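Here is a short briefing on one protein model. Look at the structure first, then work through the points below.

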Amino acid sequence: MSGTQGKSGKKTTAYDFTFTTLSGKPLPLSDFAGRPLLIVNTASKCGFTPQYKELEAIWREHADDGLVVLGVPSNDFANQEPGNADEIASFCEINFGVDFPLTSKEHVKGPDAHPLFKWLSAEGGFLARPRWNFYKYVIGRDGKLVDWFASTTKPDAPKVKKALEKALGK
């Protein structure tokens, strides 16, 4: 994937974007520069919500390798993330033991989509645009999109593992 051109003339990478944490603090992805990322748009009341368990397992397995799993709660699909920041954090921790970073609730589609998701859609092509909760995006150490996966692809699927190994340089 080539990367889109930023205003400075350099290629844009995932590390050029900033989120806010569930607790309201800035979360610049540049803090993770040089580390691979697994970015997932999440929701608490979705049929795919049990994927939190697999995402947490990936986070624990590869944290020492530098991998960062980042959950981006979104209410864009059938109002399946109605909670506020405290409710989302509590739900994820109590039900799935999630301790990987979660951002504040964001739009992931349409004109109000967070800029990272607009970039991911441009990098991955039309089909990479989230069409439901739990789309997964693997970002390499260089900040470029390695691959993306739809909701129906489980986080521990062989093709996701292969993309993560590529991002980790294994």
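Leaving out residues up to four places away in sequence, L37 touches A14, Y15, L29, F32, L67, V68, Y137, V138 and I139; contact means heavy atoms within 4.5 Å. L37 lies in strand β3. This is a predicted model: local features need pLDDT of at least 70, side-chain atom pairs count only at pLDDT 80 or more, and totals for chains, interfaces and linings use all residues. Residues are numbered from 1 along each chain as its sequence is written, and side-chain values use heavy atoms, with hydrogens and water left out.

**The core**

- L37 counts as buried because its relative accessibility is 1%. Buried means under 20% relative accessible area, exposed over 50%, and partly exposed in between (1.4 Å probe, protein chains only).
- The largest nonpolar core has 46 residues, and L37, L38, I39, L116 and F117 have the most contacts inside it. Such a core is a set of buried Ala, Val, Leu, Ile, Met, Phe, Trp, Tyr and Cys residues joined through side-chain atoms within 4.5 Å.
- Elements giving two or more residues to this core include β3 (37–42), α1 (51–62), β4 (68–73) and α3 (115–124). Helices (H or I, at least four residues) and strands (E, at least two) are DSSP runs, numbered from the N terminus.
- α4 gives the most to this core, with 5 residues.
- In soluble globular proteins, nonpolar side chains tend to be buried together.
- Beyond its neighbours within four places in sequence, F117 is in contact with F19, I39, N41, V72, V108, P130 and Y137.
- The buried residues of α3 are L116, F117, W119, L120, S121 and E123. They pack against β1 (18–20), β3, β4, β5 and β6.

**The strands**

- β3 and β4 run parallel, joined by 6 bridges. Two strands pair if DSSP finds at least two bridges between them.
- V68 in β4 is the bridge partner of L37.
- In β4, 6 of 6 residues are buried. V68, L70 and V72 point one way, while V69, G71 and P73 point the other way.
- In a regular strand the side chains alternate between the two faces of the sheet.
- β5 and β6 run antiparallel, joined by 4 bridges. I139 stands opposite L145 in β6.

- D76 lies in the loop between β4 and α2.
- D76 is buried but has no salt bridge; K109, the nearest side chain of opposite charge, is 6.2 Å away. For charge, Lys and Arg count as positive and Asp and Glu as negative; His and the chain ends are not counted.
- The side chains of D76 and H107 are joined by a polar contact of 2.6 Å. A polar contact is a pair of N or O atoms within 3.5 Å; within protein, one must be able to donate a hydrogen and the other to accept it, and residues adjacent in sequence count only if both atoms are side-chain atoms.
- A polar atom of the D76 side chain also lies 2.6 Å from the backbone nitrogen of V108.

**Salt bridges**

- The count comes to 2 salt bridges. The rule is a side-chain nitrogen of Lys or Arg within 4 Å of a carboxyl oxygen of Asp or Glu.
- R60 pairs with E56, with the closest N and O atoms 2.6 Å apart. Both lie in helix α1, 4 residues apart.
- D65 pairs with K170, with the closest N and O atoms 3.0 Å apart. D65 lies in the loop between α1 and β4 and K170 in the segment after α4, so the pair ties together parts that are 105 residues apart in sequence.
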